Structure formats: structure tokens, C-alpha cells
Amino acid sequence: MLAAGDESEVRAAAGRSAEVVDLEGAAVIPGLYDAHIHTANYARGLSEVDLRGVRSLEAALARISEHASRLEPGAWLSGGRWNSNTWERPVQPDRYALDSVCPDRPVALPSVDGHTTWANSLALRMMGIDRGTPDPVGGQIVKDADGEPTGILRESAAYPLRDLMTSGDLSAMLRVAQEELLALGLTSVHDIDGEDCRAAYLELRAAGELKLRVHKAIPRDHLEAAIAEGRRTGQGDDWFRTGPVKLFSDGALGSHTCHMSEPFAGTPGNAGIAVTPYPELVRLIGAASAAGIAVATHAIGDLANHLVINAYEAAGGRAVLRHRIEHAQHLRPADIKRMAVLGVVASMQPVHCTSDLDLVSSLLGERDLASYAWRTMLDSGVALAFGSDAPVEHPNPFAALHAAVTRTRPDGRPPGGWQPEQRLSFGEALRAHTFGSAYAAGEERRKGVLAEGMLADFLALDTDPFAEPSDALLRTKVLTTVVGGEIRWARS
Ligand SMILES: [Zn+2]
């Protein structure tokens, strides 16, 4: 970024010939940065249509057609979970119906119980199925009165699809997903998915097709290999960088597997699970740190968080590397100060708070815990980095900003917000979703604020979130997304 300021200041830096874009008063904010997102899972989900709840063949075809319009030409359309027994006219669907909306991409849609697959003509052709194909052992290729396959495959007849579809090109899916993320206002992500995702992003970058900046985490299983090949956190360039190794300390609240000091309400004896035993946690953090790899450890329960903080401390006090805790949901109040002292970043997802609040009240009840304690963390000097954990939650960062500012759900419940003393101002929430995520990646000199010398990553919005009431965040739309000084996405 050459300059930021009013027109005359920017003109002085950019020169007479600079092109002027009049945004007609639209608000401009730094590009949003998701500090914890599973983009490969998200991208795979985008390629799947969900036909649960559909009540007729026509409605199913309309949904399939709408979904297909968002996919790359020729990409597989998958998903399904249809149930023709619940349709107004319970017909057995056929390939001709699918061909009418998807003639030139392969489509294969398992039913809700997974035992029947509805395929179109192109998918059958790719599977090598025609009128001469016999039923396989343990399966049936349904044929009509003329002996033509109808597109319905039962049981093992659909198995060949597995190989055909898993080779579905992840980089093509990510190319679609990045458009969705840019449209939501994300210009950078910390991706938490696997090595296949890393390879797919590198493919996109090599092809000059990466429009979103990626800080790529290393899965725990790949840590030794990453160390052996000399991978280090922060290696790379402004488009693709090596991120931290992702470890797990515990499970999740909803499945009663987050690691707590005291048992969950109503289940005496169950205080969750230490997914990685403490000595192993210390060993992994030590090995990663020694190799220059930062550590991002998933911890939800108070004991899990306590042990991770102990392990970071044992690995060498205030590290040069930015170690982080993913989720950091329920903490002993005294541990928040320790995070600040050790420089451990809290990577948190505001929508988890509003999604989980009933669960927190029923399972954790009245105990002295700091839950989703954004205000206490900021006031204690803990660096906050915000994200979505998509596809667990929707990746829309404005939903996260709304949750951080209100601690209410989009429907306004609970009125006044849950533990409202932990709310943030819009400016603080925005900072956590921009600068905070950049800080977690060691990129705070390149990203997160609009100033000379920073990367030119910014958004134009249809509403000014600093001027409007917080509920406007739920309706805020991105007009234009600029990454690296180029318009990468614009609302048409
Ligand atoms: Zn996650």
C-alpha cells in the first residue's frame, strides 16, 4: 500500500496518473483474516448438494440445478441424502431427470440411508455402465423395460464411484471456495486442513490462480516429516506461508470430551478426555519449537487449557514463536494472565459462543470459569485472533463480529447478550479479526491495518459498521474485495 488518507494525500503518493475508483461513500475496512478455518472441508462441502427436506422431484431438481450453477464446468456434483418416500409423489427418480438439469457434468447422489445412488447418464458412462453391464455381486443396476439402466444403483453397484469421486480435484474445489470466501470479505486464512490441502493450494499458486492469502498449518501426523524437510513457520511469501503445527489437547463440549477439572453436570465421573497425554504434549511442543515451528493446540476444557499453558511454559517460557491455543473456550481465570505473560495467542471463534451457550449453561453450570472471555483476555493483554472454524460454523466473518459485539444469536437471544460483560466494541472485534489473526501468524507488519507499507488488502462495504447499530452486521454485504491492490471479487 502506497498511502492511506484523504484524496490529496493519496494523490501526492500515487501520482497524477493513478486511476480513481469512486466508491460512492462505501465504508472501507482492512481485509478480514480467518485465523482458524478448514478450507478443504469447506470446499468439499460446497460441492455437495443437500436434498434433505426436499418434498418433490421438481424441488430436488431445482436445488440441484441451482447448486450446479456455482460449480466449475465438468466438476462432479455430489452430496444427495434424498428420500423419495417423503416426496409428494413418491417416484423412483431416474437419470433423465438429472440429465435435464445437469447434462454435461457427472452427478451421483446417494439417498439418505446411503444404500441407493441416483446417477446421471454422464456418471454412468464414466463408470462404464451400459445396457450390457451385468449386476455386480451384492448390488443391482436398475434397468427399465427396454433394458436401459435408469440411473439407480443399489448397494455395491455404486462402489466404483468411490474411486472416481475421491480423485475429485481438490484444487478445483478450492478455486470455487476461494470465490465464496472473497465474497464474504476474507482476504487471508489460517488453514487447519491436511497436506492434500497444502498441495492443492501450491498447485493454485503455481497456476497463478490463488487470490486468497494462505497461512497453512501442519497436521500433527506430518510434524516429523515437516521437520525433516526443514519446514518452518513463516516460510513462504505473501500468498502462501507455512503455519503452525496443529495439536489436540482435548475433544469438544457437545460430545462431553473436552477435558475439565470437574465432571460435567449430570455425568458424575466424566470430566472429558486428554487426547494427547501431557508428557507427549510437552515433547511435541519441544520438538516443533526447536525446529522453528510454532504450535497451535486445540483446547476447550479448563484443564486442557491449563495443561497446554503448562506445556508451553515448560517448552521455554515466552517463546519467539507465536504459540496459540485454538478455541480457548473455558479457562480458569488465573490462566488468562499466564497466557498474557507467556505470549500465548487465543485463537477463538465468536460464533461458537452464541451456538454453544445453552450447552455451556447446562453442562458447566455455575463454576468459576472464564468462558469465551474476550473482554477479560484483551484487558489482561492476551492477543486475540478471530476465525470461524468453518465448516463447523458458516465462514461469514460478519456473523463472528456480530457475536463478538453482542453475544446474542441472530434471533436476538438471549436479550442483552450472554455474559454481556465479555462483549467487545466493534473496533476491538474487527481488530481481532484482522490485525489479531495477522499477529498470530507473525504478519502484523504486512496485514491487518490500512497504512503505508502494508499489503493492499481491503474491502468496501454496503454499510458502515462503525456508524450503524450492531444488528446491521447481520445484513452487511461486501461490495468489493481487494487483495494485493487488485479487485479479486466484486458484487455484480
Ligand atoms: Zn477446527
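Three cavities of 30 Å³ or more are present in the structure, a cavity being a set of points on a 1 Å grid over the protein atoms alone where a 1.4 Å probe fits but cannot get out. The model is a predicted one, in which local features need pLDDT of at least 70, side-chain atom pairs count only at pLDDT 80 or more, and totals for chains, interfaces and linings use all residues. Residues are numbered from 1 along each chain as its sequence is written, and side-chain values use heavy atoms, with hydrogens and water left out.

The largest cavity has a volume of about 80 Å³, where volume is the space filled by probe spheres set on the points, joined across faces, edges and corners. Its lining (residues with an atom within 4 Å of a point) includes Y33, T187, S188 and D457. At least two lining residues come from each of β2 (32-37) and β9; strands are DSSP runs of E with at least two residues, helices are runs of H or I with at least four, and both are numbered from the N terminus.

Strand β9 (residues 186-191) also holds H190. With 2% relative accessibility, H190 counts as buried (under 20% relative accessible area, 1.4 Å probe, protein chains only). A polar atom of the H190 side chain lies 3.3 Å from the backbone oxygen of A35. Beyond its neighbours within four places in sequence, H190 has contacts (heavy atoms within 4.5 Å) that include Y33, H36, H215 and R324.

Turning to the pockets, these are open sets of points with protein on both sides within 12 Å along at least five of seven lines. Of its 26 lining residues, A3, V10, E19, V21 and F458 lie nearest the centre. Helix α1 provides the largest share of this lining, four residues. By class, the lining of the largest pocket comprises 18 nonpolar, three polar and five charged residues; Ala, Val, Leu, Ile, Met, Phe, Trp, Tyr, Cys and Pro count as nonpolar, Asp, Glu, Lys and Arg as charged, and the others, Gly among them, as polar.

The second largest pocket has a volume of about 620 Å³. Its lining has 24 residues, with S78, P110, L161, R162 and M165 closest to the centre. Helix α6 gives the most to this lining, with four residues. The second largest pocket lies between domain 1 (76-166) and domain 2 (170-490), because both give residues to its lining; the domain bounds come from an automatic or database domain assignment.

Notes: Buried < 20%, exposed > 50% of the residue type's maximum accessible area, 1.4 Å probe, protein only. Polar contact = N/O pair within 3.5 Å; in protein donor to acceptor, adjacent residues only side chain to side chain.
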